Amino acid sequence: MSPSCPITPTADPVNLVIFGGTGDLAMRKIYPALSVLFQSGLLSPDSRIVASGRTDMSPEKYQRLVREKLSGALKPPALDELVSRVSYARIDPQCPESGGRLAALLDEMDADRPRNRLFYLSVPPAAYIPLVTLLGEAGLARESGGRSARIVVEKPFGRDLSTARELDRVLHRFFAERRIFRIDHYMAKETVQNILLLRFANALFEPVWNRRYIDHIRITAAESLGIGHRSGFYDQAGVLRDMFQNHMMMLLALCAMEPPSVFEAERVRDERAKVFRALRPLDPDALEDSLVLGQYGPGVIDGQPVPGYLEEPGVRAGSLMPTYAWMKIFLDNWRWQGVPFYLCSGKRLRTKHTKIEVQFRDVPVSMFRGSGPVMPNRLVLGIHPEEVVRLEVQTKSQGPSLCLESRHLEFAYGSAGQDRVDDYAKVLLDCVNGDQTLFWRQDAVELCWEFLTPVLNVCDCPEGSPSLHPYPAGSDGPARVLEMRP
């Protein structure tokens, strides 16, 4: 760590209630992240975890379940330490008495000292409103005696503009905006956070980060996996709701936002919201000029045959749900007028990678006409799995002739030799500390839904939906995209 970088202090003690404590997200992401935070001393040793679910089981049985699920991910010392902090409570959001039982349990845990309370909704979206209502009516959303009460909501934040507003209405009935954490773990990745540092802490980039020097920007989030066990959710959502309304729009905002006056949560979130206000609406009558939708069919990945989307367990027969989307977006503001942003995300593609490619304009006049084409400069921000910043430039190749060749200047995060905290650990720590910089604010959520809902209304209508382009699993997506992208 740099000597000028302050050491993060240990957070105040917290009682973390994980709704959906028996689920996949809790076991794969939340518990390993908590273990890292406890081991690194970033979470107070007085903090406790209460897992909840509809299954009736004793705390001891739940602890055995955690040991079984995490035995491959955590070594015994770390696993023992984590399990010792975990208890379990059966909670049914349809049963009003559940809220009272949870309140009594938390009060009992606070008998020695008051702790902050953090409620994490690691549950299907349909359970958000019932659980928020349960917490509010049980008095668990109230702050008293200097003790905070915060709530963490996983995406998706609704499935369109109207449902997003309904969720927000219920949340604000009991929780103030400063206590609502709409989580997007993409934002906590080191390479994502570095976008702002690269832009605003280097005089080399900011003067050319505009329509005069940039030809276009491509943002890609490709996945090689299929829908797995998520068919119940995915076949009702599709790629636009699953990826574009949140992850892709947030990456767009980081690439396009203006510099905030200071790096503080609300100033940063103000500038992100301004990007979404500048989104040029897509024409519902000419969507195929700016949107390509696809669905994966059977194919081969890593030498193994994989099924198509329609063969996945739980997918409706004949489903027209897109698993791939390519979108051309424009921002109507001074900095970006006329510069296209190409957003692309899909499942069962050839490789898993997330990256941002900034393509600069051609040089105005080439003095080297006889030395081959002069390729434009390109800045690549690799987010996953290649965590890299790469600037591609033109140089003279070695030898007596004047010939051009592309070279790159590169910084790889993997070679930095610094301590790393994974993305879920980072966002969880920010929730505990009350730092909302990396989280969605409601106005930004609504602005993104305002942009996407007219598109979704067309796509959800079988008669008016754009053509669904098939692509084989293990490919780079629909062939139509090759005709559209620069």
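**Exercise A: an aromatic pair**

Task. Are phenylalanine 181 and phenylalanine 439 buried or exposed, and why is their ring pair classed as edge-to-face?

Solution. Both phenylalanine 181 and phenylalanine 439 are buried; buried denotes a relative accessible area under 20%, exposed over 50%, and partly exposed the range in between, with a 1.4 Å probe and protein chains only. The model is a predicted one, in which local features need pLDDT of at least 70 and side-chain atom pairs count only at pLDDT 80 or more, whereas totals for chains, interfaces and linings use all residues. Residues are numbered from 1 along each chain as its sequence is written, and side-chain values use heavy atoms, with hydrogens and water left out.

The next step is the geometry. A pair of aromatic rings is described by the distance of the centres and the angle of the planes. Rings of Phe, Tyr and Trp (its six-membered ring) pair if their centres lie within 6.5 Å; planes under 30 degrees apart are stacked, over 60 edge-to-face, and the rest tilted. Over the whole structure, 10 aromatic pairs are found. For phenylalanine 181 and phenylalanine 439, the centres are 5.1 Å apart and the planes stand at 85°, so this pair is edge-to-face.

The last step places the pair in the chain. Phenylalanine 181 belongs to strand E6 (residues 180-183), while phenylalanine 439 is in the loop between helix H10 (423-433) and helix H11 (442-459); the two are 258 residues apart, and the pair thus links distant parts of the chain. Helices (H or I, at least four residues) and strands (E, at least two) are DSSP runs, numbered from the N terminus.

**Exercise B: the open sheet**

Task. State the strand order of the open sheet of six strands, and identify its edge strands.

Solution. The order is E3-E2-E1-E4-E5-E6, with parallel pairing. The edges are strand E3 (86-90) and E6, each of which pairs on one side only. From one strand to the next, the twist averages 20°; axes are lines fitted to C-alpha atoms, for helices over the stretch in contact, and angles run from 0 to 180 degrees between N-to-C directions.

The pairing can then be followed along the sheet. Strands pair if DSSP finds at least two bridges between them. Strand E4 (residues 116-121) and strand E5 (residues 149-154) run parallel and are joined by five bridges, and tyrosine 120 stands opposite valine 152 in E5. E5 and E6 also pair in the parallel sense, over four bridges, and arginine 182 in E6 is the bridge partner of valine 153.

In E6, Ile180 and Arg182 point one way and Phe181 and Ile183 the other way, and all are buried. Helix H1 (residues 24-39) lies across strand E1 (14-19), strand E2 (48-53), E3, E4 and E5, and runs at about 165° to E1.

**Exercise C: annotated residues**

Task. Which residues does UniProt list for "binding site", and how does the exposure of arginine 54 compare with that of lysine 155?

Solution. The unreviewed UniProt entry lists Arg54 and Lys155; positions are given in the numbering used here, feature names are shortened, and annotations may be inferred rather than shown by experiment.

- Arginine 54 is in the loop between E2 and helix H2 (59-70). Its relative accessibility is 55%, so arginine 54 counts as exposed. Apart from residues up to four places away in sequence, arginine 54 touches Tyr88, Arg90, Ile91, Asp92 and Pro93, contact meaning heavy atoms within 4.5 Å.
- Lysine 155 is in the loop between E5 and helix H6 (161-174). Its relative accessibility is 18%, so lysine 155 counts as buried. Beyond its neighbours within four places in sequence, the contacts of lysine 155 are Tyr128, Ile183, Arg230, Asp242, Asn246 and His247.

**Exercise D: backbone exceptions**

Task. Where does the model place cis peptide bonds, and which residues other than glycine have a positive phi?

Solution. Most residues other than glycine have a negative phi, and most peptide bonds are trans.

- A cis bond joins lysine 155 and proline 156, with omega about 10°.
- The bond from histidine 384 to proline 385 is cis, with omega near -5°; proline 385 lies in the loop between strand E14 (378-384) and strand E15 (388-396).
- Aspartate 302 has a positive phi near 55°. Its relative accessibility is 74%, so aspartate 302 counts as exposed.
- Arginine 348 has a positive phi of about 55°. Its relative accessibility is 13%, so arginine 348 counts as buried.
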